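Student: I would like to learn how to read cavities and helix packing in a model. Can we work through a case together?

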Amino acid sequence: EPPQRVTLAAFKPHIDACPANVLALGIGVCEQLISIDMDSEAPHIALSMGTGGGKSDTVALVIASLVRKGCERIDVIDPKRVSHNWARGLPGVHIHRYVQGQMTAIHNARLVMDSRYDALDTDDSLVFSRHVLIIEEQNSLIEDLEQYWDDYRRELSSEERGRTSRINPAITDLRYILNKGRQSRINVISIYQRMSAKAAGGGDARSQYGAKILARFDHQTWKMLVGTTPVPRSSRIPGRAIFVLG
């Protein structure tokens, strides 16, 4: 059995012992450290956790760990606006609470990625600092982006509307980053109530998450995201989740 409780005092040495590219997440069975190499194993991580599953606390651990390891920039997309007020003022952390700012943050991450690939085209030995895009409540974010874009297009003339994509460009940018972010060291960490294809930006985008963390999930969600049988029982213990790699 995993431990019933893991304290910060017990876990902090694991965080400090991991290299900068490895994200320590928890303690599993037989006291095994659960961690992810963000450069090779899984550049993009998804949390699919129902209410009470520990989403906000897990994301807080991730943000704190990244800051401690000297991550250059962490953009936190926070549709609820108050989920990570505790992180205000931390070095490198930028919190985006409103749709326009959230769209800009996602687009800027794409621009950074493109500029890094331009640099790699000249010198493929370059190693970049880490840039992480953390998307809280992505189910809500996608709905907000779609509604914002529908409202925006409605205000355009019929001619302008015909030249404007029906898809919010932030969703297109996110798909682009998920497809190409690894070598440029741009990582996406998305948090869902339930990781549906729609919330992920499409089925192809959902497949780009190399690691998934599931808690408070139902039978259908497990079969959709993992597919193995028998389907494990979702724990009701706060903070306990199942980690799936690959």
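Student: Which residues line the second largest cavity?

Tutor: This is a predicted model. Its second largest cavity is lined by L23, L25, I36, I45, L47, V62, I189 and I213. The space inside comes to about 30 Å³. Strands β1 and β3 (45-49) each supply at least two of the lining residues.

Student: How does that lining divide by class?

Tutor: Eight residues are nonpolar, with no polar and no charged ones.

Student: How is such empty space found?

Tutor: Rolling a probe the size of a water molecule over the atoms shows where empty space is left. Here the count is two cavities of 30 Å³ or more.

Student: What is the volume of the largest cavity, and which residues line it?

Tutor: Its volume is about 60 Å³. The lining is I15, C18, A20, V22, L23, A24, M38, S65, L66 and K69. β1 gives the most, with three. By class, the lining has eight nonpolar residues, one polar and one charged.

Student: Now the helices. At what angle do α1 and α2 pack?

Tutor: Helix α1 (residues 8-17) and helix α2 (residues 55-68) pack at about 45°, with axes 10 Å apart. Angles from 65 to 115 degrees would count as roughly perpendicular, and those under 35 as roughly parallel. The pair is therefore oblique. Their crossing is right-handed.

Student: Which residues meet there?

Tutor: From α1, F11, K12, I15 and D16 meet L61, S65 and R68 of α2. That contact has three nonpolar, one polar and three charged residues.

Conventions: Residues are numbered from 1 along each chain as its sequence is written. This is a predicted model: local features need pLDDT of at least 70, side-chain atom pairs count only at pLDDT 80 or more; totals for chains, interfaces and linings use all residues. Side-chain values use heavy atoms; hydrogens and water are left out. Axes are lines fitted to C-alpha atoms, for helices over the stretch in contact, and angles run from 0 to 180 degrees between N-to-C directions. Helices (H or I, at least four residues) and strands (E, at least two) are DSSP runs, numbered from the N terminus. Angles under 35 degrees count as roughly parallel, over 145 as roughly antiparallel, 65 to 115 as roughly perpendicular and the rest as oblique. A crossing is left-handed if the near helix is turned anticlockwise from the far one by less than a right angle, and right-handed if clockwise. Contact means heavy atoms within 4.5 Å. Ala, Val, Leu, Ile, Met, Phe, Trp, Tyr, Cys and Pro count as nonpolar, Asp, Glu, Lys and Arg as charged, and the others, Gly among them, as polar. On a 1 Å grid over the protein atoms alone, a cavity is a set of points where a 1.4 Å probe fits but cannot get out, and a pocket is an open set with protein on both sides within 12 Å along at least five of seven lines; lining residues have an atom within 4 Å of a point. Grid points are joined across faces, edges and corners, and a volume is the space filled by probe spheres set on the points.
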